[in-house]
Amino acid sequence: MLRMFKTHSIRKQTELSSCLWDFSTMPEDGSESVKMKALVPGCWETYPGLRGYRGKGCFERSFYASGNIRLEFKGVSHTAEVFLDGKKVASHYNAYTPFSAVVTNLPAGNHRLKVCVDNGFGENSALHVENDYQTYGGITRGVALEELGEAYIRQIHVTPEKISDGWKALVKVSLHNLSDRIFEGRLILALEGSLGSSMHVSLAAKAETEETMEIVCPEVSEWNPMSPTLYFVSAVLEDRTGQQADDLTDRFGFREVAVNGKDILLNGRKLRIKGFCRHEDHPQFGCSLPVDAMWQDLLLLKDLGANSVRTSHYPNDELFLDLCDETGLLVWEENHARGLSEEAMRNPNFERQCEDCIREMIESHYNHPSIYIWGILNECASHTEYGKSCYEAQLSLIRRLDPSRPRSFASCQFKSDLCFGLAEVTAYNIYPLWYHDTPVQEYLEDLYEWIQTCTEGAGKPFLITEIGAGAIYGYRSPGREKWSEEYQAWALGEQLEAVLNHEGTSGVYIWQFSDCKVCGSWFGTRPRTMNNKGIVDEYRRPKLAYEIVRERFAPE
């Protein structure tokens, strides 16, 4: 399953995932290869005997096709090399963003697809490092085979804009001509509930172009958390004879995000964020959560009173974003990087890999109305001049790709951050009553005063993007010692009371929704080799803090 709705009616699309593939490990230490059937999507750490395997593995299967095809991969961790009939057709770095391979003039018949995956760490990988969350191996998200004609529609981006008598939609459509001759035809655009538009198109041989249309939509309903109304946009490409050559359907919402002084506005109304950070992690599925497990997480988030989720610390599966669109859960989505020092950021691959992640994230997820803000570089070296140059480059790239949403980053550089002048929203991760015993209100007011008087973040919206305390599920203590459920419940109650009552703060993201696995090198500071700050444990069993959060997040 790739999306929560059908994206093509003309183009033939076949899902290659949700089935068994041939899998084999490729150990480099001389040990014997493990061969087995494997369900895709999935993580090999969930396979018996491979729970700690870090290295290379290959997934293979056959399919029938002819002519021009497109292979779409929603996520492969960490790196992928894709071979078709023994020929390399694509390579990709980064587990959390999609990529595709287009192959032309394929002879009719059965073809063998082989995807070689590497979840190892090394100098070539600037973002996938041993970290405070687990990085898994495998084809972790869906895979599709699409049959193309001589030209196809690569993507649609819709930017809604409020006007005096309703809304308008600026629609950009990317077209790609695969043939070695000029393609002449028409592009027909239709918005659900609104009049469509059409235009003549002429595509040079082997070229890609972008066409823009503006459609006025006077009678539509706004998307907001209480009423998440969604609309379909469809593009159809016809050839010179009027024959339908290709199509693409996506979904969006009429909503506008803006920053006004210290407030974040959605459709002109002030947002008050009550959210959670969430890792894609589950003891049964690794990071390849099936859609019903995603739905259960959303039900719990809603029950807790949350109105937002932060995709820490990477772009999420588009199925989860689809569910957020449908349920009205606001999303802070961020590129992939966490806790990197300046030395790590000086890796020659760092900036390229970060910027590739940003491009792929925004290109793929642009139309999701639930995404109200883009984030980058969680807890990296925003306190150094070199680090600042990286933040500036990446935030500038986001602005070029999407000027319609605000930008931010979650800092942990206490009273030393240099980058607050680069983004529209300031944000801090703080842990009073956990990593230090400073009273929450005192710590928060001291930090906020410094931002307002000593930084370029003065006068901007301010979010707490992490706060919390750890608890091991089932550890109960009348003495309220740290790691007990009693301590976590008390600490979170104190933290949320101070943050939600702070006039200058636009909201909070609790760290975190559920306990998650961490890399083995973190065992010394993470009991059970888990980050135990979840309000529910890894199996989604509620801790004592669940009801405390539910009370604090109750409607005001």
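1. Let's start with Ala65, which is buried at a relative accessible area of 1%; buried here means under 20% relative accessible area, exposed over 50%, and partly exposed in between, using a 1.4 Å probe and protein chains only. Ala65 belongs to strand β4, residues 56–73. Strands (E, at least two residues) and helices (H or I, at least four) are DSSP runs, numbered from the N terminus. Neighbours within four places in sequence aside, Ala65 is in contact with Leu106, Pro107, Ala108, Gly109, His111 and Leu145, where contact means heavy atoms within 4.5 Å. From Ala65 to Lys168 there are 103 residues in sequence and 41 Å in space, C-alpha to C-alpha.

2. A word on what you are looking at. This is a predicted model, in which local features need pLDDT of at least 70 and side-chain atom pairs count only at pLDDT 80 or more, while totals for chains, interfaces and linings use all residues. Residues are numbered from 1 along each chain as its sequence is written, and side-chain values use heavy atoms, with hydrogens and water left out.

3. Now the whole chain. It holds eight helices and 32 strands. Its radius of gyration is 24 Å, which agrees with the value near 24 Å for a compact globule of 556 residues; that radius is taken over C-alpha atoms, and the globule rule is 2.2 Å times the number of residues to the power 0.38. Along the principal axes, the C-alpha atoms fill a box of roughly 75 × 70 × 45 Å. Of the 556 residues, 58% are buried. Among contacts with a separation of 6 or more, 70% are between residues 24 or more positions apart. The accessible surface is about 21500 Å², with 49% of it belonging to carbon and sulfur atoms; areas come from the Shrake-Rupley method with a 1.4 Å probe, and for residues only the protein chains shown count as cover.

4. Helix α2 (residues 318–327) deserves a look. Nine of its 10 residues are buried, so the helix is largely enclosed by the rest of the structure. At the start of α2, a side-chain oxygen of Asp317 comes to within 2.9 Å of the backbone nitrogen of Leu319. After α2 comes Gly328, with a positive phi near 80°.

5. Gln495 sits in helix α7, residues 485–500. Is this residue buried or exposed? Gln495 is buried, with a relative accessible area of 0%. Its side chain reaches the backbone oxygen of Pro432 at 2.9 Å, a polar contact being a pair of N or O atoms within 3.5 Å; within protein, one must be able to donate a hydrogen and the other to accept it, and residues adjacent in sequence count only if both atoms are side-chain atoms. Not counting residues up to four places away in sequence, Gln495 touches Pro432, Leu433, Val440, Ile467, Gly468 and Ala469.

6. On to the aromatic rings. Rings of Phe, Tyr and Trp (its six-membered ring) pair if their centres lie within 6.5 Å; planes under 30 degrees apart count as stacked, over 60 as edge-to-face and the rest as tilted. By this rule there are 26 aromatic pairs. One of them joins Phe420 and Tyr428, edge-to-face at 5.6 Å centre to centre with 65° between the planes; both residues are buried. Tyr431, Trp434, Tyr435, Trp483, Tyr487 and Trp490 make up one aromatic cluster.

7. Two charges sit over rings, meaning that NZ of Lys or CZ of Arg is within 6 Å of the ring centre and within 35 degrees of the ring normal. Lys482 lies over the face of Trp434, 5.3 Å from the ring centre, and the charged end of Arg405 sits over the ring of Tyr366 at 5.7 Å from its centre.

8. Finally, some backbone details to check. Most residues other than glycine have a negative phi, and most peptide bonds are trans. The bond from Val40 to Pro41 is cis, with omega near 0°, and Pro41 lies in the loop between β3 (35–40) and β4. Ser312 and His313 are also joined by a cis peptide bond, with omega about -10°. Asn94 has a positive phi of about 110° and is buried at 0% relative accessible area. Asn105, in strand β8, has a positive phi of about 55° and is exposed at 65%.
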